[in-house]
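Colleague: I would like to learn how to read a sheet and the helices beside it, taking one feature at a time. Could you guide me through an example?

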Amino acid sequence: MKLYFVRHGQSHVNLKDWDGGNQDMPLTELGRRQATSLGYWFKQYVPWVDAIYSSTMERARETAELAAGHYGIDIQLDDRLREIGNNKADHTPWPKEGLPSYGDFWGSERPFESITPSSEGGESLMHFRTRLGMFIEEALRGHRGKVVMAFCHGGVIDIAFDYLFNVGFWRRCEARTMNTGVTLVEYVELPQREVWRIYYHNKTEHLATMMPKGAELVVNPLQEEGDIPNETY
């Protein structure tokens, strides 16, 4: 199975001046252009996909529709692909109008504590890792030998590396992904070999040819607006 993890385009919650806390917000105009450019890239380099999944959060769903709508197959919404802290400990999502606030510590600092401590029943980093692992293993059972896309969030792609490398509870490294960055991994079945193979992470070459807005120059894709800790979410 080839599995493409795709981070959403720029959302309002990624802006440097965003002060609205944790909300389920759509893409900005730049984010929609990023997703559209990614769709053109997919047409050229990924001609066939067997299944498309998306986080149920608005910024990921909108990215999936813009970047993968041309494949002509249904986009399957999956709560397990939501960003960290937006699900409860039982893996069910918090309601859109009642998303909890993050605590004042990073999840890897206290992997067994709820990262939204002000809301009873919130998930920890390990709950988050568990639900993503469940998604990956279910996708593998259902799509062995197939091509799958998963539109999600920066934290989802980051924690996927913990699953792929079998990282312990206290992690030492994070994998950052830019808006609409693409990561490709493959499950391979070769005797006495590793079962997961990483082809690339955070591929963003589609942004280099992003269509300009009117006569304006394209924003430098290597200088994402909102590149601050909360930008992960």
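Colleague: In what order do the strands form the open sheet, and what is the pairing?

Modeller: Please keep in mind that this is a predicted model. Its open sheet is formed by 6 strands, which follow the order β3-β2-β4-β1-β5-β6, and the pairing is mixed. At the edges are β3 (75-77) and β6, each of which pairs on one side only. On average, neighbouring strands of this sheet are turned by 20 degrees against each other, direction ignored.

Colleague: How many bridges join β2 to β3?

Modeller: There are 3 bridges between β2 and β3, and these two strands run parallel. To find one of them, look at I52, whose bridge partner in β3 is I75.

Colleague: Which strands does helix α2 touch where it packs on the sheet?

Modeller: Helix α2 (residues 58-68) touches β1, β2, β3 and β4, and its direction makes about 140 degrees with that of β4. Helix α3 also packs on the sheet, where it touches β1, β2, β4, β5 and β6, and its direction makes about 140 degrees with that of β1.

Colleague: Which residues of α3 are buried, and what covers them?

Modeller: The general idea is that an α-helix has 3.6 residues a turn, so residues three or four places apart point the same way. In α3, which comprises residues 125-142, the buried residues include L125, F128, R129, L132, F135, I136, A139 and L140. Their cover includes the strands β1, β2, β4, β5 and β6, together with helix α4 (154-165).

Colleague: How far does α3 reach from its first C-alpha to its last?

Modeller: With its 18 residues, α3 reaches 26 Å, close to the 26 Å expected at 1.5 Å a residue.

Key. Residues numbered from 1 in each chain as written. Predicted model: local features only at pLDDT ≥ 70, side-chain atom pairs only at ≥ 80, totals over all residues. Heavy atoms only, no water. Helix = DSSP H or I, 4+ residues; strand = E, 2+ residues; numbered from the N terminus. Expected span 1.5 Å × (residues − 1). Buried < 20%, exposed > 50% of the residue type's maximum accessible area, 1.4 Å probe, protein only. Contact = heavy atoms within 4.5 Å. Pairing = 2+ DSSP bridges. Axes fitted to C-alpha atoms, helices over the stretch in contact; angles between N-to-C directions.
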